[in-house]
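User: I am new to this entry and would like to learn how to read its features. Please take me through them step by step.

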Amino acid sequence: MGFAKQVSGTMPSVQNYDAIIVGAGFSGLYMLHRLRGLGMSARVYERGSGVGGTWYWNRYPGARCDVESVQYSYSFSDALQQEWQWTERYAGQAEILRYANHVADRFDLRRDIALNTNVISAEFDEADNRWTVTLEGGKRVTAQHLVMAVGCLSNARMPDIPGLASFRGKVFHTGEWPHEGVDFTGLRVGVVGTGSSAIQSIPVIADEAKHVTVFQRTPNYSIPARNYPLSEDEKRAWAENYREFRRRAREEMRNGIVSEIPQKGALEESDDAREATYDFRWARGGLTFMTAYNNLALDKAANDTAADFVRRKIGETVKDPAVAKLLQPTTYPIGTKRICIDTDYFETFNRDNVTLVDIRNAPISEITPNGIVTGGKEYACDAIVFATGFDAMTGSFARIDIRGRDGLTLREKWEEGPKTYLGLMVAGFPNMFLVTGPGSPSVLSNMIVSIEQHVDWISDCLAYQRERDVACIEATQGAEDGWVAHVNEVAHNTLYPQANSWYMGANILGKPRVFLPYIGGIPAYRAICNEVAANGYRGFALTRQHRVAAAE
Ligand SMILES: Cc1cc2nc3c(=O)[nH]c(=O)nc-3n(C[C@H](O)[C@H](O)[C@H](O)COP(=O)(O)OP(=O)(O)OC[C@H]3O[C@@H](n4cnc5c(N)ncnc54)[C@H](O)[C@@H]3O)c2cc1C
């Protein structure tokens, strides 16, 4: 390992690195920082024109985090967490993007990041244990290690609806929002989808637009965010106790979010006490509504109590009973699709300029030059916003032609669903690491906690290899099979597989139904990863540098 080298010979001027990182979101930025710390040469390739990943792309009105900002932030540098002050309980997209840029500047990361650079393929060369990565435009670079920091929710999914190209107005996707913003004043806007991005953006768009028509296939459970500006006292309390908060997030909290740890099941309390508990959490706002009891994800009867409560709240908020009924989810347990948090989402349906259209029973049949057709009726639109989410967890991998041993492609390997060992590596794809890959807690957690854990684990693993002159590390087939079985077993002990969610790949036509993230919780998962490392990377085959390469 050493510094980047230009090697001329059969391949003219191919740049060689110790590691190539794909993606400059929170994962890629921290990975680069850690590799620098190990004295490795690394290059980050990012297809966007700026850093920040999710927060670079998702600039739709109302975009903000749903994990509180004091928790949805890096912990690796105490100086960083002391100097950065969040203004709100849930920072908006612009502030989070400023934070990502601040991190890039503060740690002098930009000089090793190539922006506007799309990685289109990566091929493993078994002769020298290196990856050759091809960038859009044909340039090739090589590295011993490839780190895929491509993001779990970074491949915006545009539905294939007949006639879309004929639409006369403008078409947007929340996950690829124009940088200059969009002025909806005086426009009739159609919003397709009612997931998290829609729930955040609809109230803001409705404030501006002449009319908003919301096309809903599946209603979502949403809890009020109760966002507010953070007081100086709150900021100080966090700053003074960060060390302990971060430790608890990593070691004690299943989802990496510090809150009370529930000791009781929902049915162990009287109806009145339970109602008071839910009322308190509803008034406090935020994702911790779901940690009111310890069995909401496990026991359908317990789950029903929380789901009934939220349905009741929707019924009390939305004035038109028919609209309220459509907005009340009934077909899946609460929490088994990612729960949303909102600001005035249900209230928005009381506005005169908002219409809800059910497309479960009458799907969108076509888009005409003038609008959207469902159930034989055309809804006139001047603009359409697709809030249709992402090809989650695997979509950004599928866009890259990744070839491992014997030319096997990752697409082939994952044809029946993604298979990994610990969500970190894939058998047959040596020296390639995934950050928050399928089979790890990732999207079921405070993602920054999971990102930091993966990046730290990968960094420690690379340091271990360097000390021992290891040329190649690869998950064994047996370890991978065992982990895939475990991930599925744990998921099927919960209520999660009962929902047709993007956790299951169910939002993508033809995508195999496999539970994608690991649901065992962060503390248990961390313990497994640590134990694997402590046992000489159990389940991984490590091959030493052969003599010729070592002598070079
Ligand atoms: C609207 C929204 C809100 C969210 N809110 C929260 C929240 O509150 N809490 C939470 O924990 N998580 C949240 N998430 C999840 C969020 O994705 C993660 O928290 C985190 O930002 C992921 O960071 P990342 O670096 O792993 O991936 P990303 O931020 O997705 O970055 C990956 C980068 O890789 C680049 N890339 C991908 N493929 C290629 C390629 N072939 N070539 C070059 N570059 C490539 C992409 O352009 C992207 O910039 C949210 C996600 C969305 C979409």
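User: Is Asp 207 buried or exposed?

Analyst: Before the answer, note that this is a predicted model, in which local features need pLDDT of at least 70, side-chain atom pairs count only at pLDDT 80 or more, and totals for chains, interfaces and linings use all residues. Residues are numbered from 1 along each chain as its sequence is written, and side-chain values use heavy atoms, with hydrogens and water left out. A residue is called buried under 20% relative accessible area, exposed over 50% and partly exposed in between (1.4 Å probe, protein chains only). Asp 207 has 60% relative accessibility, so this residue counts as exposed.

User: Which residue forms a salt bridge with Asp 207?

Analyst: Side chains of opposite charge can pair when their charged atoms come close. The term salt bridge is used for a side-chain nitrogen of Lys or Arg within 4 Å of a carboxyl oxygen of Asp or Glu. The partner of Asp 207 is Arg 351, with 2.7 Å between the closest N and O atoms. Asp 207 belongs to helix 5 (residues 196–208) and Arg 351 to the loop between helix 10 (345–348) and strand 13 (354–358), so the pair ties together parts 144 residues apart in sequence. Helices here are DSSP runs of H or I with at least four residues, and strands are E runs of at least two, numbered from the N terminus. Arg 351 is partly exposed, at 31% relative accessibility.

User: How many salt bridges are there by this rule?

Analyst: The count is 34. Among them is the one between Glu 88 and Arg 64, at 3.3 Å from N to O. Glu 88 is in the loop between helix 3 (78–83) and helix 4 (93–106), while Arg 64 is in the loop between helix 2 and helix 3, 24 residues apart. Glu 88 is partly exposed at 23%, and Arg 64 is partly exposed at 25%.

User: Which residues come nearest to the ligand?

Analyst: A residue is near a molecule if one of its heavy atoms lies within 4 Å of it. There are 32 residues around the ligand, of which Ser 27, Thr 54, Asp 66, Tyr 72 and Met 447 come nearest.

User: Where does a backbone atom of Val 119 lie relative to the ligand?

Analyst: A backbone N or O atom of Val 119 is 2.9 Å from a nitrogen atom of the ligand. For Asn 118, a polar side-chain atom is 3.3 Å from a ligand nitrogen atom.

Technical notes: Polar contact = N/O pair within 3.5 Å; in protein donor to acceptor, adjacent residues only side chain to side chain.
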